[in-house]
Amino acid sequence: MLRAEAREQTDAELVRDSLAGSDAAYGELVRRYQDTLYRHAERMSGGRDEAADIVQTALIKAYRSLDSCRNPNRVGAWLFRITANTCKDHLKARRRDLVKIDDVPGLVEADGDDPADALDRRSVRSRIDLALRRLPLEQREAFVMKHVEGLSYQEMGQLLGVSVPALKMRVHRARDGLQELLEDLT
Amino acid sequence: MNEIDPRLQAYLDGELRLEDLPVVLRDRAGEWDRLLGEVSRSGQAGAPIGFDAQVMEALRQEIGSPGPAESAGRRSRPAWLEWAVRPRSVTVSPIAALGLAAALALVVARPWSGDVTDPQEASVTGSVYVQFVVEAEGARSVQLAGDFSDWQPSVELADPDGDGIWSGRVPLEPGVHEYMFVIDGSEWMADPNAAGSRDDGFGRKNSLLAVSEISGT
């Protein structure tokens, strides 16, 4: 009996084929990692449209320098690093995200310029979103990776190139900040 | 700012069990579990439907990636040209790497006899694309300067994944070229991987790169 077995291409094979000019191969890499990258960007930026822009920018950037991915078997981690960096660059350019926790009087008074936020503010999730957006970028990034993406400190360290103690400190400070911002929820 | 009790932090990091916490902290731990559960659930949505197609379309528009030429009905470049113009990691070690450069040129410097409809392609016909790679951890910017840019640091290298390895691709005419890297806009640095160098007459040495060419078909 003949049986056709479709073997899923490895990441390294897809990188190789992408470098050889295969759109389909890069498209498959995009499909494989888009959800993870998008979730990270969405939780970091707080908006779906913004997340889509960030991830698209990152994936184009990655395509341009795909040959510099030194370990094609770990291309997912490499794409994540590029997306995380793109996220941070994007958010740094958005001044309101650089507001320090200590400068924010409280969630109930925040974001008066965004009607959508005002409408959603009553929901817990929306309040968490707002609180996350007020954390310093590195704390927000570490918190999102730990508690939204469910990564271990070791995995986070490998992705970001930051030591485990430093990441722990960022997560702890993020929780301290959230506790203050979400006082009635914790 | 009120700091969370370190034992509660350890619990939230998964380093302590609930029963290891003092009773007074357990209610607090439960509140955090509920909050973090909400955080986790709120992050479950993936990319929108069709997002991958949107990215690939944007890629085609921005980079001019040929895509599936058959379905798009567009001109397909020869495979060797696709290979030639695509960035790749080639650590440049001039002179001693003459063989490598020659081998590279052997493939990429061959004139293409197909239709030239892309001005950028046409302008670099006869040139050899060379990928420059340099390690500069902590640098905010790295540029490349050389005789091919009138020694203006006009070629920006990129480090998209932030690992300190900067790279960039430059079309070069066949011949021997002198170049240096410029770190953070001010620090001129020779290529540590260059096997050859030449005095610049000002007490420093420029790195050397040999690009050779073969006759086209």
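A:Glu141 and A:Lys88 form a salt bridge in which the closest N and O atoms are 3.1 Å apart; a salt bridge is here a side-chain nitrogen of Lys or Arg within 4 Å of a carboxyl oxygen of Asp or Glu. A:Glu141 lies in helix α7 of chain A and A:Lys88 in helix α4 of chain A, so the pair ties together parts that are 53 residues apart in sequence. Both A:Glu141 and A:Lys88 are buried, where buried means under 20% relative accessible area, exposed means over 50%, and partly exposed lies in between (1.4 Å probe, protein chains only). The model is predicted, with local features needing pLDDT of at least 70 and side-chain atom pairs counting only at pLDDT 80 or more, while totals for chains, interfaces and linings use all residues. Residues are numbered from 1 along each chain as its sequence is written, chains are lettered from A and ligands numbered from 1 in the order in which they are written, and side-chain values use heavy atoms, with hydrogens and water left out.

Chain A contains 9 helices and 0 strands, helices being DSSP runs of H or I with at least four residues and strands runs of E with at least two, numbered from the N terminus. Along the sequence the pattern of chain A reads α-α-α-α-α-α-α-α-α. Of its 186 residues, 56% count as buried. The accessible surface of chain A comes to about 8800 Å², and carbon and sulfur atoms account for 48% of that surface; accessible areas come from the Shrake-Rupley method with a 1.4 Å probe, and for residues only the protein chains shown count as cover. Among contacts in chain A with a separation of 6 or more, 60% are between residues 24 or more positions apart, contact meaning heavy atoms within 4.5 Å.

A:Leu160 lies in helix α8 (residues 153–160) of chain A and is buried, with a relative accessible area of 19%. Not counting residues up to four places away in sequence, A:Leu160 touches A:Ala84, A:Glu141, A:Met145 and A:Leu167. One of these, A:Glu141, is the salt-bridge partner of A:Lys88. A:Leu160 and A:Asn85 are 75 residues apart in sequence, and their C-alpha atoms are 9.2 Å apart in space.

Between the two chains, 53 residues of chain A are in contact with 49 residues of chain B. The area buried between them is about 4700 Å², of which carbon and sulfur atoms give 55%; buried area is the accessible area (1.4 Å probe) that two parts lose on being put together, summed over both. The count of residue pairs in polar contact between chain A and chain B is 19, both residues being at pLDDT 80 or more. A polar contact is a pair of N or O atoms within 3.5 Å; within protein, one must be able to donate a hydrogen and the other to accept it, and residues adjacent in sequence count only if both atoms are side-chain atoms. The elements of chain A that give two or more residues to the side touching chain B are α1 (11–19), α2 (23–45), α3 (48–64), α4 (75–92), α6 (124–133), α7 (137–148) and α9 (164–181). Of these, α2(A) gives the most, with 11 residues. By class, this side of chain A has 21 nonpolar, 13 polar and 19 charged residues; Ala, Val, Leu, Ile, Met, Phe, Trp, Tyr, Cys and Pro count as nonpolar, Asp, Glu, Lys and Arg as charged, and the others, Gly among them, as polar.

Side chains of opposite charge can pair when their charged atoms come close. The structure holds 18 salt bridges over all chains. One pair crosses from B:Arg60 in helix α3 (residues 51–63) of chain B to A:Asp23 in helix α2 of chain A, with an N to O distance of 3.0 Å. B:Arg60 counts as partly exposed at 22% relative accessibility, whereas A:Asp23 counts as buried at 7%. The rule finds 6 salt bridges across the interface of chain A and chain B. The side chains of A:Lys168 and B:Glu15 also meet in a salt bridge (2.2 Å, N to O). A:Lys168 lies in helix α9 of chain A and B:Glu15 in the loop between α1 (6–12) and α2 (23–42) of chain B, so the pair joins two chains. A:Lys168 is partly exposed, with a relative accessible area of 21%, and B:Glu15 is partly exposed at 44%. A network of salt bridges links A:Asp11, A:Glu28, A:Arg31, A:Arg32 and B:Asp52.
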